[in-house]
Amino acid sequence: MKRAVLIVGVAALATTPAAAQWLGMPVWNSPKGGTGITINGDWGRPDSTSGKGNAFGGRASLGLGTLTLTAGVASYKPENATSSITSYGGNAAMRVIGGSLIPVSLNLQVGAARSDSSSPTRPATTSVTGAAGLAISLPTPGVSIEPYVSPGFRYRRASGTGNTNFGYTIGANVSFGMFGVHAAYDYEHVSGGHVGILGLGAHVAIKVPLGM
């Protein structure tokens, strides 16, 4: 009986598009952090194992020095699907190493998101992520380039059954003053193989005097 319940639970999870936090998106990160408000527009493209299709989303981040708080929403439509899946959630990242005078940054990031149900075979899903991010700020005059790697664990729960996988994101944040672009590739190991997501986006940073 327990084995039957487990098989049913795994099958329910397998029919859910594999993703990191917001469905169809990488686990975005910026280990360097900063201060002020950053508005991000995102696009994600899962691979064939994840359901293909396209995801579009937006995030708003508030940087408080070593702490960055983010809230966002994304809409993902798998290939050949008749409807989109909406995910909403947020994360918090704490920089533990790095700063304006240190080119290496290390942060710890936790996040959670809730994805709605699009059909009986795609149940509502709760995703929780925990990761560490390591970045190097490259010495490029006039341009801020922050390549990073962010390994961690991803937990998802659907239909009363949860599973935990290991994954990592390799990405870069590039800024030209207030404006910038970001890119990332997300890899996640799952039972029987792996899934991948390519993400691209643009952002605008508004520096706000926070007294910190």
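Modeller: A cavity is a set of points on a 1 Å grid over the protein atoms alone where a 1.4 Å probe fits but cannot get out, and lining residues have an atom within 4 Å of a point. This is a predicted model, in which local features need pLDDT of at least 70 and side-chain atom pairs count only at pLDDT 80 or more, while totals for chains, interfaces and linings use all residues. Residues are numbered from 1 along each chain as its sequence is written, and side-chain values use heavy atoms, with hydrogens and water left out.

Biologist: OK, which residues line the largest cavity?
Modeller: The lining consists of W22, M25, W28, D42, G57, G58, R59, V73 and A74, and the space inside is about 30 Å³, a volume being the space filled by probe spheres set on the points, which are joined across faces, edges and corners.

Biologist: And which strand gives the largest share of that lining?
Modeller: That is β2, with three residues; strands here are DSSP runs of E, at least two residues long, numbered from the N terminus. Both β2 (54-65) and β3 (67-77) supply at least two residues each.

Biologist: Switching topic, how much space is in the largest pocket?
Modeller: About 770 Å³, where a pocket is an open set of points with protein on both sides within 12 Å along at least five of seven lines. Its lining has 35 residues, and S30, G33, G34, T38 and E146 lie nearest the centre, while β1 provides the largest share, six residues.

Biologist: What about β7 and β8, how do they run?
Modeller: Strands β7 (residues 144-158) and β8 (residues 161-176) run antiparallel and are joined by 15 bridges, pairing being called when DSSP finds at least two bridges between two strands.

Biologist: Last one, what is the mean pLDDT?
Modeller: The mean is 87, and 86% of the residues reach 70 or more, pLDDT being the predictor's confidence in each residue, from 0 to 100. Over residues 1-18, however, the pLDDT is below 50. Where pLDDT is low, the predicted coordinates should not be read in detail.

Key
Helices (H or I, at least four residues) and strands (E, at least two) are DSSP runs, numbered from the N terminus. Contact means heavy atoms within 4.5 Å.
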